2 protein chains.
Amino acid sequence: MSKKLPDEAPGAAPRVRDRIFQTARELFYRQGIRAVGVDAIACEAGTNKMSFYRSFASKDELVAECLRAQVGEFWLRWDAMLAPHAGDARAQIEAVFASAAAKSCSENDCGCPLSNAAVELREAEHPGHEVIREYKRELRRRLRELARETGAADWQVLGDGLLLLLEGSNSTRLTFGGRGSPLSSAPELVRALLAVYAPAGRRKR
Amino acid sequence: MSKKLPDEAPGAAPRVRDRIFQTARELFYRQGIRAVGVDAIACEAGTNKMSFYRSFASKDELVAECLRAQVGEFWLRWDAMLAPHAGDARAQIEAVFASAAAKSCSENDCGCPLSNAAVELREAEHPGHEVIREYKRELRRRLRELARETGAADWQVLGDGLLLLLEGSNSTRLTFGGRGSPLSSAPELVRALLAVYAPAGRRKR
DNA sequence: GCGAAACGTTACCGGTCGGTAACTTAAACG
DNA sequence: CGTTTAAGTTACCGACCGGTAACGTTTCGC
């Protein structure tokens, strides 16, 4: 606490660890986790492998930490996205899918980094597994909660439907292009599901 | 054509190339493409690396051929699955999702091998890319065709909805367990979408 | 100024990667 | 029989993998 951290100075070079971390997140997301070695990460971050291992115990630990950071930032954006429509679950759901559609339509989007990591990391003992698993469970929980707040009787099914549409949008992103892809239909499909499962359009409480 | 092929004899050892091919497909699917080396494939197939390269030009070519075989077998199963309900697009759609749900609920299922390959193979020049791309386009085309045959006015959107639900089911398979997973709700969600987009329940022609 | 972190540099380790050369063995064929 | 073909065997290649040891250099707090 008494340490003076010369970080956060605008224009100043960030600490090596942070540079490595951000570089790794970018490379992992764009090229895939298994396709990027620690040498490439360190080099791209403007340092070398030795400095890498001074900041991270292993590549697997770095991967897990990248995934944790991804989850944390995602929920921050999630909360900020739902806040303007507090109390209106229907609007919140539509905001989620509008945001997902917008992000996916942008160039250079590679889908959900957590889902992609689940495909790449198949060894059962990888430290990233728990991160992915916990994230997906939480995502399902939140979507079901939103579905419940719409007043839908079958809110579990509706929530799972939202989850499947969201995951499907992420999954198709790598093969279908941004515009004209099936995920541009997602917002309309969400409204269709809402029309079936929460037909009254009644707001929470 | 004058060659006598001593293959297909029941109980006889298949040709080396076929053994390698089937072994590779299994290992690629279970452990991931990048996680399996040609040495492991050859060894698991009961032969060695040299025999591998006598049958396949490179690992990338083997991967592409595995993906092509997967696509071919998938459409064979697809056609066989739809045949009993010829002329009834609604029943055909439900058959597709019932089959997908059944397969996903089984143990050891790892989702769609083509979607997984799309995540693992990010180099733009990989020969497997075209296979994946063509398969996904064809899948979308067929689902939209089925949607159109239900008489739905917005059959493009309905078809894309079916695609997203299917891809979402595949994507969630690696993180959520077989039973009680969101994909068990998929058949019910399909009926909901059909109720919205093809409410008359009218059959083709 | 001084000690102590933080960081850069070089070399190295064993292992595995995809891929190849050269040689041997065995079986199928006429 | 001899020839051809498929297949097994061994050794090897350069490159890269994740990870480490040892040693300089810079920078910062005190």
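Me: How many residues of domain 1 of chain A are in contact with domain 2 of chain A?
Reply: Six residues of domain 1 are in contact with six residues of domain 2 in chain A. Contact here means that the C-beta atoms of two residues, placed from the backbone, lie within 7 Å. This is a predicted model, where local features need pLDDT of at least 70, side-chain atom pairs count only at pLDDT 80 or more, and totals for chains, interfaces and linings use all residues. Residues are numbered from 1 along each chain as its sequence is written, while chains are lettered from A and ligands numbered from 1 in the order in which they are written.

Me: Where do the domains of chain A run?
Reply: Domain 1 is 13-56 and domain 2 is 68-197 in chain A, with bounds that come from an automatic or database domain assignment. Their C-alpha centres lie 28 Å apart.

Me: OK, secondary structure. How many helices and strands are in chain A?
Reply: Chain A has nine helices and zero strands. Those are DSSP runs numbered from the N terminus, H or I of at least four residues for helices and E of at least two for strands. Along the principal axes, the C-alpha atoms of chain A fill a box of roughly 60 × 45 × 35 Å.

Me: What does UniProt place at residues 37-56 of chain A?
Reply: An unreviewed UniProt entry puts the feature "DNA-binding region" there, at residues 37-56 of chain A. UniProt positions are given in the numbering used here, feature names are shortened, and annotations may be inferred rather than shown by experiment. In the model, that span is 70% helix and 0% strand, and its end C-alpha atoms lie 14 Å apart.

Me: How many residues of chain A are in contact with chain B?
Reply: 40 residues of chain A are in contact with 40 of chain B. Helix 6 (113-120), helix 7 (128-149), helix 8 (155-172) and helix 9 (186-197) of chain A each give two or more residues to that side. Helix 8 of chain A gives the most, with twelve residues. By class, the side of chain A that touches chain B has 19 nonpolar, twelve polar and nine charged residues.

Me: Why do the copies meet through the same surface?
Reply: Because 100% of the interface residues of chain A are also interface residues in chain B.

Me: What about the core: which residues touch the most other members?
Reply: In the largest nonpolar core, which has 105 residues, they are A:Leu162, A:Leu165, A:Val190, B:Leu162, B:Leu165 and B:Val190. Such a core is a set of buried Ala, Val, Leu, Ile, Met, Phe, Trp, Tyr and Cys residues joined through C-beta atoms within 7 Å. Leaving out residues up to four places away in sequence, B:Leu162 touches B:Ile93, B:Leu143, B:Ala147 and B:Val190.

Me: So what share of chain A is buried?
Reply: 40% of the 205 residues in chain A. Buried means 20 or more other C-beta atoms within 10 Å of a residue's own, exposed means 12 or fewer, and partly exposed is in between, with C-beta atoms placed from the backbone.

Me: Is A:Asn108 buried or exposed?
Reply: Exposed, because A:Asn108 has 7 C-beta neighbours inside 10 Å. A:Asn108 sits in the loop between helix 5 and helix 6 of chain A. Its phi is near 70°, a positive value in a residue other than glycine. Most residues other than glycine have a negative phi.

Me: Where does A:Arg142 lie?
Reply: In helix 7 of chain A. A:Arg142 counts as partly exposed, with 19 C-beta neighbours inside 10 Å. A:Arg142 and A:Gly159 are 17 residues apart in sequence, and 8.4 Å apart in space from C-alpha to C-alpha.

Notes: Nonpolar A, V, L, I, M, F, W, Y, C, P; charged D, E, K, R; others polar.
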